[in-house]
Amino acid sequence: MVFEIDADVDPVTWVKRNREDLRGDLHRHGALLIRSALRPDFDAIVEAFSGQLVDYQGGAAIRSRVGKTTYTASEYPEELDIRQHSEFCYSNDWPMLLFFQCDVAPTDRGQTPLTDNRTLFRELPEKLREEFARRGLLYVRGYGYNRTWQRSYETDDRTEVERLCAAEGRRVEWIGDDQLRTYERRPAIAHHPVTGEAVWFNYAHGFHISRMDSGIREALSTSPEDSDAQLWPNNVFWGDGSEIDAETITLINDLVERHTVQFDWQEGDVLIVDNMLCAHGRRPFSGPRRILLKIAESYAATQGGQA
């Protein structure tokens with residue numbers, strides 16, 4: 001849902017005044033785009049809508065902090081697609097809200113496509129939907145290539161990494177002197193805590209090794225020591241560890257693309273995404289592009305404890 005705000009209206013004041021209605025709109029549509037003739041103050045917009053910010057420690061994306069509570073959107077190689085996903089859907093806690101702001105608008109592609117996770121759940125063949133709900137998933141993540149565990153967890157302390165992973169129910173395996181692989185079992189289907197709707201809430205279609213062609217391997221590799229067997233960034237299996245066939249993953253990705261929409265960024269745009277209702281991604285681009293990110297409202301905190 002797009003809101004275009006006139007130059008004589010302060011966007012921060014407008015968000016404060018309409019906050020409850022905007023939250024209702026977000027639950028109906030999954031994402032809101034606020035486009036103002038005045039470039040909104042990103043911190044103030046987020047504070048007006050939520051203010052309950054959380055960190056990105058342990059996330060799968062390659063990103064950097066910009067100030068205390070703001071990150072760059074993924075620094076994944078610009079020539080590659082970032083597949084549709086919901087942040088931290090592979091964890092036992094996740095942010096409910098994502099806030100993006102266009103700092104430097106791309107001139108060549110670079111859109112942020114959006115997919116309704118409710119629609120995706122409904123459109124999956126019933127037998128496949130039931131299989132994902134019954135079997136769940138096992139995520140295996142390696143910290144090599146161009147995403148080290150130090151960068152992902154924002155620490156050089158292995159003990160701190162183990163503490164953070166234990167809090168997430170994530171099993172740690174140290175490889176050699178200073179390499180890491182983790183394992184975590186998660187559901188594939190979730191229910192939104194406010195709307196009660198069932199949603200496709202996993203990243204099987206993006207993490208699966210069949211989606212990683214040689215071009216992606218070459219773009220991500222930074223060391224001859226990188227190997228798929230040890231440090232490939234992401235893979236996913238059925239919850240019991242058995243392999244998911246590539247045909248199933250292809251079917252899901254075809255559905256994702258069929259139900260995805262996108263828009264062209266303009267400088268100053270603010271995009272608010274309900275992380276459970278709506279998946280997002282990134283189209284390839286060339287030239288300048290800088291999108292900022294803040295994440296807010298821990299799911300576990302909204303439930304009064306661990307998810």
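Q: How are helices and strands picked out and numbered here?
A: Residues count from 1 along each chain as its sequence is written, and this is a predicted model, where local features need pLDDT of at least 70, side-chain atom pairs count only at pLDDT 80 or more, and totals for chains, interfaces and linings use all residues. Side-chain values use heavy atoms, with hydrogens and water left out. Helices (H or I, at least four residues) and strands (E, at least two) are DSSP runs, numbered from the N terminus.

Q: Which loop holds Glu154?
A: Glu154 isn't a glycine, yet its phi is positive, about 55°. Most residues other than glycine have a negative phi. Glu154 sits in the loop between helix H6 (149–153) and helix H7 (158–167).

Q: Is Glu154 buried, partly exposed or exposed?
A: Buried means under 20% relative accessible area, exposed over 50%, and partly exposed in between (1.4 Å probe, protein chains only). Glu154 comes out at 34% relative accessibility, so it counts as partly exposed.

Q: Is Phe88 buried or exposed?
A: Phe88 is another non-glycine with a positive phi, about 60°. Its place is the loop between strand S5 (82–85) and strand S6 (95–104). Relative accessibility is 6%, so Phe88 counts as buried.

Q: Which residues line the largest cavity?
A: A cavity is a set of points, on a 1 Å grid over the protein atoms alone, where a 1.4 Å probe fits but cannot get out; lining residues have an atom within 4 Å of a point. The lining is Gln84, His85, Ser86, Asn117, Trp200, Phe201, Asn202, His205 and Ala279.

Conventions. 1 Å grid on protein atoms, 1.4 Å probe; cavity = no way out; pocket = protein on both sides within 12 Å on 5 of 7 lines; lining within 4 Å.
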